[in-house]
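Me: Hi! Could you walk me through this one while I have it open?

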Amino acid sequence: MKNRVRLAAATRYDLPDFWRHSLLGQSLLAMSESLRPSTLMIRSENVGSNVEGLSTFYNRALDACSDDELLVLVHDDVYLHDGFFVHRVEEALGLGDVAGVAGSSGGEPDEPSWALSFDAELEPLGWQTVGQRSGAVSHLDPRRSELARLTAPPVEISEYGPFEMYCNRLDGVLLMLHVRNVRQTGVRFDERFAFHLYDIDFCRQADMAGLDLITHPVLITHASPGNFGTPAWKDAARLYRQKWSAS
């Protein structure tokens, strides 16, 4: 029976290589077809002159959903370990309107991270001391060989805090949205944040609109250490601070 979970992901790969080489494609192929998300929106070859910002793509994915669908937004360098993934999504969105695997509550409104603190020049200072972190993510060294990446990666979990905690910021590595509830508020991704801070900004908007944001245990492995400190990230962080400093 068709489930109501729709998954959207953007990738630099063309479609054949997405299935052959990306962690997300490999993990979806490993699932039983009947237990996979019923609809896949894969934005392939998202690079160079063909590039589309994640916020723009995610808004398109949201617009393409019917009210009763549950939308999963996930990076292509993520391995979904749970063969009953769609059930985890149903569980999560039975508890909240927007769900993720890691996030936090509290914190300064203009801090451009759900976990780390930064100085005025956007240099990292360590963990935020205000607020409470939640959730867990398994991480994979991105330097692993291509051959090693074609198999299910080992699980090496980083724990941040208790699950099923209400948050005001979630990590965008995997976001789950109850389409009807999000749509009713009019909350959308700010398309000025093409590849960085789109997640924190969206969550701040959702929280202010009265949506419930929650973490839920969904076992994933992410093969990225993050992009803090790059010029593109710093540009987005300055825009984010400008937008939220008066909150």
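This is a predicted model: local features need pLDDT of at least 70, side-chain atom pairs count only at pLDDT 80 or more; totals for chains, interfaces and linings use all residues.

Me: OK, what covers the buried residues of H7?

Reply: The cover includes strand E7 (116–118) and helix H6 (198–208).

Me: And which residues of H7 are buried?

Reply: They are Trp 233, Lys 234, Ala 236, Ala 237, Tyr 240, Arg 241 and Trp 244. Seen down the axis of H7, these buried residues fall within an arc of 160°, so they line one face of the helix.

Me: Which residues are exposed on the other side of H7?

Reply: Pro 231, Asp 235 and Gln 242 are exposed there.

Me: Switching to charges: how many salt bridges does the structure hold?

Reply: There are 15 salt bridges. In one of them, the side chains of Lys 234 and Glu 123 meet at 2.8 Å, N to O. That pair links distant parts of the chain, with Lys 234 in helix H7 and Glu 123 in the loop between E7 and strand E8 (124–127), 111 residues apart.

Me: What does Arg 238 form a salt bridge with?

Reply: Its partner is Asp 235, and the closest N and O atoms are 3.1 Å apart. Arg 238 and Asp 235 are separated by about one helical turn because they sit 3 residues apart in helix H7.

How values were computed. Residues are numbered from 1 along each chain as its sequence is written. Side-chain values use heavy atoms; hydrogens and water are left out. Buried means under 20% relative accessible area, exposed over 50%, partly exposed in between (1.4 Å probe, protein chains only). Helices (H or I, at least four residues) and strands (E, at least two) are DSSP runs, numbered from the N terminus. The arc is that of the directions from the helix axis to the C-beta atoms. Contact means heavy atoms within 4.5 Å. A salt bridge is a side-chain nitrogen of Lys or Arg within 4 Å of a carboxyl oxygen of Asp or Glu.
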